[in-house]
Amino acid sequence: MKRITQENFETEYADSIELREMDKFICKEMGRQIHRYIKAMSGSLKNMELFEASLGNLTVPEKEEAIARYIDRNRKVLSGLDFRIVVARAMANYCDTFSYFQQLVADERRMDFYLDRLKSKYIRFHEVFEDHGKYGIRSHDGKVLIPAEYDFLRTPYIYKDDLTAMPVIAEKDGKLGLVLPDGHNTVVVPFVYDNIALRDEYPYFEGTRDGKTELIDKA
């Protein structure tokens, strides 16, 4: 029996229609799971509406990237999430008969393929890296999001549901500021603070300088 791989699955085991439809239904199910997460953790209808609106006009590949970015910033969304259930629900939406659904769910090769495909699309974590004693951030595929020129970096993990990028707390020359992980090293708050702390709601940061604490509403 020929071994199934990501490379030969499309030609050997599935047609392009199945792949396209499964990608669409998996994406829909991942969005539903995040919707449930927002409801459970944030309890805000407005937050759920922000999330839905942010995905509304995107293509499936764009939604996949947006959801992956959301998961990267809100990694607790994966706690207790069973990917086999996600794939099974997508298969149920794809199938037009119960018997065909049973056949797909029982096909371990297909299940394993779609599990690997799901994880490759949605589990895309950034990482902090060091270069000559300085720190930067790069994406899951190695793209430098923040160059290694800072003494300290802290990525906020926060319930921010409109899918916009959150700035990173960075230290330079003994002071803290905020930098966007946009690949352009954009400083949104200058390096003037002795400490920057994360808040649970907007404004998401508060800074301390000269012994005084203030809200940072420019981030």
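The model is predicted. The protein chain holds seven helices and ten strands. Of its 219 residues, 39% are buried.

**Whole chain**

- The accessible surface of the protein chain is about 12400 Å², and carbon and sulfur atoms account for 49% of that surface.
- When contacts between residues at least 6 apart in sequence are taken, 47% of them join residues at least 24 apart.

**Helix H5 against helix H6**

- Helix H5 spans residues 83–94 and helix H6 spans residues 98–106.
- Their axes come within 9 Å and cross at roughly 150 degrees; an angle over 145 degrees counts as roughly antiparallel, so H5 and H6 are roughly antiparallel to each other.
- The crossing of H5 and H6 is right-handed.
- From H5, the residues in this contact are Ala88, Met91, Ala92 and Tyr94; from H6, they are Tyr100, Phe101, Leu104 and Val105.
- By class, the residues of the contact of H5 with H6 are eight nonpolar, no polar and no charged.

**Helix H5 against helix H7**

- Helix H7 covers residues 108–122, and its axis comes within 10 Å of the axis of H5, with a crossing angle of roughly 110 degrees.
- That angle makes H5 roughly perpendicular to H7, because the range from 65 to 115 degrees counts as roughly perpendicular.
- The crossing of H5 and H7 is right-handed.
- H5 contributes Phe83, Arg84, Val86, Val87 and Met91 to this contact.
- H7 contributes Glu108, Arg110, Met111, Asp112, Tyr114, Leu115, Leu118 and Lys119.
- The contact of H5 with H7 has eight nonpolar, no polar and five charged residues.
- Met91 of H5 is listed in the contact with H6 and also in the contact with H7.

- Glu149 sits in strand E3, which runs over residues 144–150.
- With a relative accessible area of 31%, Glu149 is partly exposed.
- Leaving aside residues up to four places away in sequence, Glu149 touches Lys134, Tyr135, Lys172 and Asn185.
- Phi of Asn185 is near 60 degrees, a positive value in a residue other than glycine.

**His132**

- His132 is in the loop between strand E1 (127–131) and strand E2 (134–138).
- The relative accessible area of His132 is 79%, so this residue is exposed.
- His132 has a positive phi, near 55 degrees, and is a residue other than glycine.
- Between His132 and Glu149 there are 17 positions of separation in sequence, and their C-alpha atoms are 9.0 Å apart in space.

**Asp210**

- Asp210 belongs to the loop between strand E9 (205–209) and strand E10 (212–216).
- Asp210 counts as exposed because its relative accessibility is 72%, and the cut-off for that class is over 50%.
- The C-alpha atom of Asp210 is separated by 9.7 Å from that of Val192, and the two residues are 18 apart along the chain.

Conventions. Residues are numbered from 1 along each chain as its sequence is written. This is a predicted model: local features need pLDDT of at least 70, side-chain atom pairs count only at pLDDT 80 or more; totals for chains, interfaces and linings use all residues. Side-chain values use heavy atoms; hydrogens and water are left out. Helices (H or I, at least four residues) and strands (E, at least two) are DSSP runs, numbered from the N terminus. Buried means under 20% relative accessible area, exposed over 50%, partly exposed in between (1.4 Å probe, protein chains only). Contact means heavy atoms within 4.5 Å. Accessible areas come from the Shrake-Rupley method with a 1.4 Å probe; for residues, only the protein chains shown count as cover. Axes are lines fitted to C-alpha atoms, for helices over the stretch in contact, and angles run from 0 to 180 degrees between N-to-C directions. Angles under 35 degrees count as roughly parallel, over 145 as roughly antiparallel, 65 to 115 as roughly perpendicular and the rest as oblique. A crossing is left-handed if the near helix is turned anticlockwise from the far one by less than a right angle, and right-handed if clockwise. Ala, Val, Leu, Ile, Met, Phe, Trp, Tyr, Cys and Pro count as nonpolar, Asp, Glu, Lys and Arg as charged, and the others, Gly among them, as polar.
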